[in-house]
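Thanks for coming. I will go through one model today, starting with its aromatic rings and then moving to its pockets and cavities.

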Amino acid sequence: MGIGVNNHDKIGKIYFPPLRNMYDKITPPTTGEKVTFNNGEPIVPNNPIIPFIRGDGTGIDLWPATEKVLDAAIAASYGDQRKISWFKVYAGDEACELYGTYQYLPEDTTTAIREYGVAIKGPLTTPIGGGIRSLNVALRQIHDLYACVRPCKYYTGTPSPHKTPEKLDVIIYRENTEDIYLGIEWRQGTEIAEKLINFLNTELIPATPEHGKKQIRLDSGIGIKPISKTGSQRLVRRAIYQALRLPKNKQMVTLVHKGNIMKYTEGAFRDWGYELATTEFRNECITERESWILGNKEKNPDLSIEDNAKMIDPGYDSLTPEKKAEISQEVEGVLNTIWETHGNGKWKEKIMVNDRIADSIFQQIQTRPDEYSILATMNLNGDYLSDAAAAMVGGLGMGPGANIGDECAIFEATHGTAPKHAGLDRVNPGSLILSGVMMLEYMGWQEAADLIKKGLSGAIANQEVTYDLARLMEPPVEPLKCSEFADAIIKHFND
C-alpha cells in the first residue's frame, strides 16, 4: 500500500522503553521499540514491537502460518538489520480464558495497541449477549481507526467466478467510525423508541416542508445515521494521499454514495469530498466535471460558455433559466480559476476525483473494473462493496484489510472465525498473510512485502493452495495444509 514511512534512520535512534508495569496479565518483549507517529504517518524503528491477537476459531492455525511467512520475508530481505518483536495480546474467546468470563476485550489489549501503535489480528468472534456488539467495531472506535482499507487485487491462477478478474485492482477506503455502524438505535416497542417516533412525527417532520406528510410507523425500530464533515474529509484525505503514491494511470479517487436519495448524509459525503479535493488538494486534483469543461475548451478554443455548459449537461435545454445560469456560471468559474494551472492538458496529470451512485458502482466493478482505482465510501456501502470486490478476485480468504487512524493502525483478516475448521490445519491463511503485507508496506518495509507477494503468486500459479482454492481449480488439485501453504509461499521467494 505504501501509505507509511520509515524515517527512523533519518531522525536518529529514539528509544522508548516498554511500559511493562502497566499491564495486568501480559508482559511486553524485553527487546524492541515502539512505533510512533508524526502527522498521521508512522515512524518505524528497525526492531518494532508489534502486538498480535491470534484470533478465535481458525486463528489457532492462521497466526502461526502468518508469523512464519512474515518473519521469513523480513529475514530474507534485511538479514539481521530488521526484525519484529512479537507481543501476544488477547481478545475474543481466548481473552475470556485468561481474564475471565465476558472479558472479550481486556484493558491490557487496548493499552498495548495504543502504546505500540501498530498491531495485527486474526478473526474474532462476535460476543453473544449484552456488552460489546462487535470486537472489530469496538477496536476501531476505541482507537479512532477511521479508515478501513481493503485492497482487492487478483493473483494469477486464483479461481474466480469472474471472466476477467485480473482487470480489478482497487483499494477501498471505507469510513470506519460513523454511519449506521456507530450503532445508535432503539428497539421497536421501547419507551425511548416510542418517544422519539412521536417527537419526529409531531414536531420535526411537519416542521420540515420537504418531508411533506411523511410519518414513521409506530411499530418501527429507530436508528441514527450520522455523517460528519470531519469524518468524511479525513477519510477522503487519506484516500487522496494514497492516490498520490500510485502510478499516474491509477491516480483516481471515486466517491461512492447514495446521495440521490439521502442528500444530507450520503450526498453531503460526496460534496465534502469534492470540497476537500478542490481546496486542500487543488494543485493535485481535477474533478471529472472540471475535466469535461477544460477538455471541451481544448478541443474548441472558441467554444462559448453556453455551448460548453450544454456539453457537460445534456439536459441543459430543458432546464429552468435559473439552472441554466447556474451551470454557465460553473463553466465560467472553472475556466477563470484553473485554466492556467490545469488547462492545455495539464489536468491529465492530476488525480481524477469523480463520484458514482452506490448501486451503480456494484455493476461497474463487474462490467468495467479496470476504470476504477480507489473507492472512498461511507461505512455500510464500503462493507458491501469490499466483500463483493473480494469475491471477484478469489473470495475473503484472499482479502486483506487494515484499520488506520492518525496514531494507530490494526491489520486484520477480513473473514470470520469458522470454528468448525479450527485446529485442522486446513484453512487458507491468505487474508491474514496479505494483511501482514499491508502492515509491512505501511511500515515502509516494501522489499519484504514484495517478497511475500512474489511467493504467494508463485505458490498459486504452481497450484500449491489450500482446499478452498484447490477444489475450484480445473481440474481440482490436491490441497495443501494451512502450514504447508505458508511453506510453499516461502519456497517461492526465490522464483
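**Rings, pockets and cavities**

Ring pairs link Tyr23, Phe87 and Tyr116 into a cluster. By a pair I mean rings of Phe, Tyr or Trp, the last by its six-membered ring, with centres within 6.5 Å; planes under 30 degrees apart are stacked, over 60 edge-to-face, and the rest tilted.

Before I go on, the basis. This is a predicted model, so local features need pLDDT of at least 70 and side-chain atom pairs count only at pLDDT 80 or more, while totals for chains, interfaces and linings use all residues. Residues are numbered from 1 along each chain as its sequence is written, and side-chain values use heavy atoms, with hydrogens and water left out.

The structure holds 9 aromatic pairs. One of them is Phe52 with Trp63: the ring centres are 4.6 Å apart and the planes are at 10°, so this pair is stacked. Phe52 belongs to strand β3 (residues 49–53) and Trp63 to helix α2 (residues 59–78), so the pair ties together parts 11 residues apart in sequence. Helices and strands here are DSSP runs numbered from the N terminus, with helices H or I of at least four residues and strands E of at least two. Are these two residues buried or exposed? Phe52 is buried, at a relative accessible area of 9%, and Trp63 is buried at 3%. The cut-offs are under 20% relative accessible area for buried, over 50% for exposed and partly exposed in between, with a 1.4 Å probe and protein chains only.

Another pair is Tyr78 with Trp445, which is edge-to-face, at 5.8 Å centre to centre and 70° between the planes. Tyr78 lies in helix α2, whereas Trp445 is in the loop between α14 and α15, so this pair ties together parts 367 residues apart in sequence. Both Tyr78 and Trp445 are buried.

Tyr78 also has a charge over its ring: the charged end of Arg82 sits there, 4.6 Å from the ring centre. The rule asks for NZ of Lys or CZ of Arg within 6 Å of the ring centre and within 35 degrees of the ring normal. Lys297 does likewise with Trp339, its charged end sitting over the ring at 5.3 Å from the centre.

Staying with helix α15 for a moment, Ala448 is found there. Ala448 is buried, with a relative accessible area of 0%. Its C-alpha atom is separated by 9.9 Å from that of Val69, which is 379 residues away along the chain.

Now the domains. The assignment gives domain 1 (23–149 + 396–494), domain 2 (161–176 + 227–284 + 350–392) and domain 3 (185–223); the bounds come from an automatic or database domain assignment. The C-alpha centres of domain 2 and domain 3 lie 32 Å apart.

The search uses a 1 Å grid over the protein atoms alone: a cavity is a set of points where a 1.4 Å probe fits but cannot get out, a pocket is an open set with protein on both sides within 12 Å along at least five of seven lines, and lining residues have an atom within 4 Å of a point. Points are joined across faces, edges and corners, and a volume is the space filled by probe spheres set on them.

The largest pocket has a volume of about 960 Å³. It is lined by 19 residues, and the closest to its centre are His211, Gly223, Lys225, Met262 and Thr265. Why does the largest pocket lie between domain 2 and domain 3? Because both domains give residues to its lining.

The second largest pocket holds about 500 Å³ of space. Of its 22 lining residues, Pro151, Lys153, Asp169, Ile171 and Lys453 are the closest to the centre. α14 gives the most to this lining, with 4 residues. Domain 1 and domain 2 each supply at least three residues to the lining of the second largest pocket.

How many cavities of 30 Å³ or more are there? The count comes to 2. The second largest cavity has about 30 Å³ of space. Its lining includes Pro151, Cys152 and Lys153, and the largest share, 3 residues, comes from β6.
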